[in-house]
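Have the structure open beside you as you read.

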Amino acid sequence: MMPTSTTGILGHFYEPADALAAAAKVRDAGWTHFDFLTPFPIHGMEAAMGQKKSWIPYVTAVLAVCGILFAQGLQNYVMVWDWPMNFGGKPFAAWPAFIPITFEAMVFWAALGSAVIAIIAGKTDTIPQPPPMIVKTGATIDRFVLWISATDPKWDAARAEAFVRSLGADGVRLVDAAPRPGSPFDGRSGRGEHSRTAGLRRQDQTDEGGTHA
Amino acid sequence: MTRHEASPYATVMDDGHLTGRPIVRPGAGPYGGDLEVPEPLVTGGKTWADVDQDICMHAERFPTKRWWIAFSVALAFLSVLVVALVTLFYAGMGIAGVNQPVSWGSFIINFVFWIGIGHAGTLISAVLFLFRQQWRTGINRAAEAMTLFAVACAGIFPIIHLGRPWFAYWLVPYPNARGPLWVNFNSALAWDIFAISTYGLVSLTFWYVGLLPDLATVRDRATHPWRKALYNAMSFGWTGSHRAWRHYESAYMILAALATPLVFSVHTIVSFDFATSVMPGWHTTIFPPYFVIGAIFSGFAMVITLMTFMRGYFGMKHYITLNHMEAMAKILLFTGMMVGFAYSTEFFMAWYSGSEWEGFVFRNRAFGPYWWAYAIMFTCNAIVPQVFWFKSMRRHTLVLFVVSILVNVGMWFERYVIVVTSLHRDFLPSSWGMYALTRWDYAILFGSFGLFFTLFLLFVRVLPVVAISEVKGVMDPKVARGTPTRAAAAAIQEA
């Protein structure tokens, strides 16, 4: 029986090398709304998925400059402009003495800002429809899970299923578990005690887990 | 066919069978030569699923009796700290040993000591990451946690050293109603505030970013809905999507690259507290590298101490193997020699500078009334680690443990020697004096260990103590891979 509200298809692999080869095939077949869920990052996966390098380093560079400007601004304002004090006849704008704090502020802004923006980017810079979190994939245990979203322009359920099987994936299944709004694991905001428990129960019933489950 | 024969690289070994040398496969290399394969980083033929089980298990079951005993002892020491601090705040600095001429006493010693301990974690996670030292994956999580707790301990001491700790917020530059009276940015003490707080926060960020995928693993194993929701929130809904991994890996690399100079800057700035003064024995250009290498030395010693416990009591032998311990012993040997070299250089420069005061301070250090502290320092730091020239010693758990404790004792005395001997006999013999720790100094020193171990024991109860996703990345997929589902296995058999 065909699911009525299909959101995408899942299939998994057991070794990073297989996942890498599969990703390249998915890319070459022209799919764009697909993703790989993996327990650890795989070297070369960006290229295999047809992605560019991350833009996080540019964010870091901008934040580092901001940190430098902040520290220089603060120290010069305080020591030269707002309340200049004479320490043993030394110049007010004693720039060598300002270097340690400038360095620390640069690292502080760049490191914290990059981390926060990378976490946000991981949630937002993604395909239009990631796999619903309610589905147990085993991707945090030992599986390398391919997800093709139904939003893909090429989408056709039967063709997608045949394609994923042809890659040699195991556990291929169409997912219709569009979580009800309000489920804590749907990746969206919303509340509702009833739908939350209903969502959890359904997960236990319909989805197979990783090796442990 | 057993699974590990599937690949020439896949070797299932047990901890006791590790040798610390590569496995040689005659004739297996390219062009018919020998192939040398490093020994596996994870022993016991573990699968990726086993890793989850072995590491998350400790956070998922009721604490063991051993843990309760250790925790009770740590809490007892922590309560000593609390009592001592309350007494100090109530009675004032008079109950501590500091006085003229030794106005920097045990609080500064403890501060430098704990900050030094805190250097190993970020060094392991950042510097060894940049150098692609894959053995770091077994120990980096616990070592980073150790860093955070050591920095937390260190943070207490400058504040109580102020004498009026309720004014500690005056150290922060903010527009205020006192003039506005700002901090003096030309002062090394103001640099310290920025260095320590930046180090603490960046280390915390680095540690937490590393934790994200593992928190998701814990979430996926959780059965209770509240536990699931809590760990889901803590992992920011991590799914393992490679579109997220892409930014994650980039950010992790950048954090490592930023943390590396940060590690070196922190103890450099701590050493400026001494080096920018004009006291003989402090006013030297050798201080920054000398302090940094001493910090790495003491930090690794503390990591060895903690890892010995984790191997013994938390059953982490398969992840923190003897090879890991040997690698740390080598770092201890190297940094121990650097520290010994710094001690010798100081003496050489005292003589070579021709400065009367400098020469006196160093003669007084080694042969004056505090000769015993200098002897403990030199023996523990420069001589004892020399046993690690022998491979059998580097792989002997008891030797490693004892040496790591001695190094920590030695490093505490190094700071004691630096702080006390320079101050107690200054330029005027009429103002000479002696310094001794009072019972309250001792209470705060030993109490700070209570705080450290309490935090560490809580950490091992609630979070994955080994970086699960990183360890999985360095395991052989042929050994560690999951098994197909029953349906798929049946389909394969039919075909």
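B:Pro101 sits in the loop that joins α2 (65–91) and α3 (106–117) of chain B; helices here are DSSP runs of H or I with at least four residues, strands are runs of E with at least two, and both are numbered from the N terminus. The peptide bond leading from B:Gln100 into B:Pro101 is cis, its omega being near 0°. Although B:Arg132 is not a glycine, its phi is positive, at about 55°. For context, most residues other than glycine have a negative phi, and most peptide bonds are trans.

Before going further, a word on the ground rules. This is a predicted model, in which local features need pLDDT of at least 70 and side-chain atom pairs count only at pLDDT 80 or more, while totals for chains, interfaces and linings use all residues. Residues are numbered from 1 along each chain as its sequence is written, chains are lettered from A and ligands numbered from 1 in the order in which they are written, and side-chain values use heavy atoms, leaving out hydrogens and water.

Now follow α4(B) to its partner. α4(B) packs against helix α9 (residues 287–313) of chain B at an angle of about 90°, with the axes 7 Å apart. Axes are lines fitted to C-alpha atoms, for helices over the stretch in contact, and angles run from 0 to 180 degrees between N-to-C directions. α4(B) is therefore roughly perpendicular to α9(B), a label for angles of 65 to 115 degrees, with under 35 roughly parallel, over 145 roughly antiparallel and the rest oblique. On the α4(B) side, B:His119, B:Ala120, B:Leu123 and B:Ile124 meet B:Ala295, B:Ile296, B:Gly299, B:Phe300 and B:Val303 of α9(B), where contact means heavy atoms within 4.5 Å.

A second pair in chain B is α10 (residues 322–352) and α12 (residues 371–383), whose axes come within 8 Å and cross at roughly 140°. These two helices, α10(B) and α12(B), are therefore oblique to each other. Among the residues making the contact are B:Tyr343 and B:Phe347 of α10(B) and B:Tyr374 and B:Phe378 of α12(B).

Stepping back, chain B holds 18 helices and 2 strands. Its C-alpha atoms fill a box of roughly 95 × 55 × 40 Å along the principal axes.
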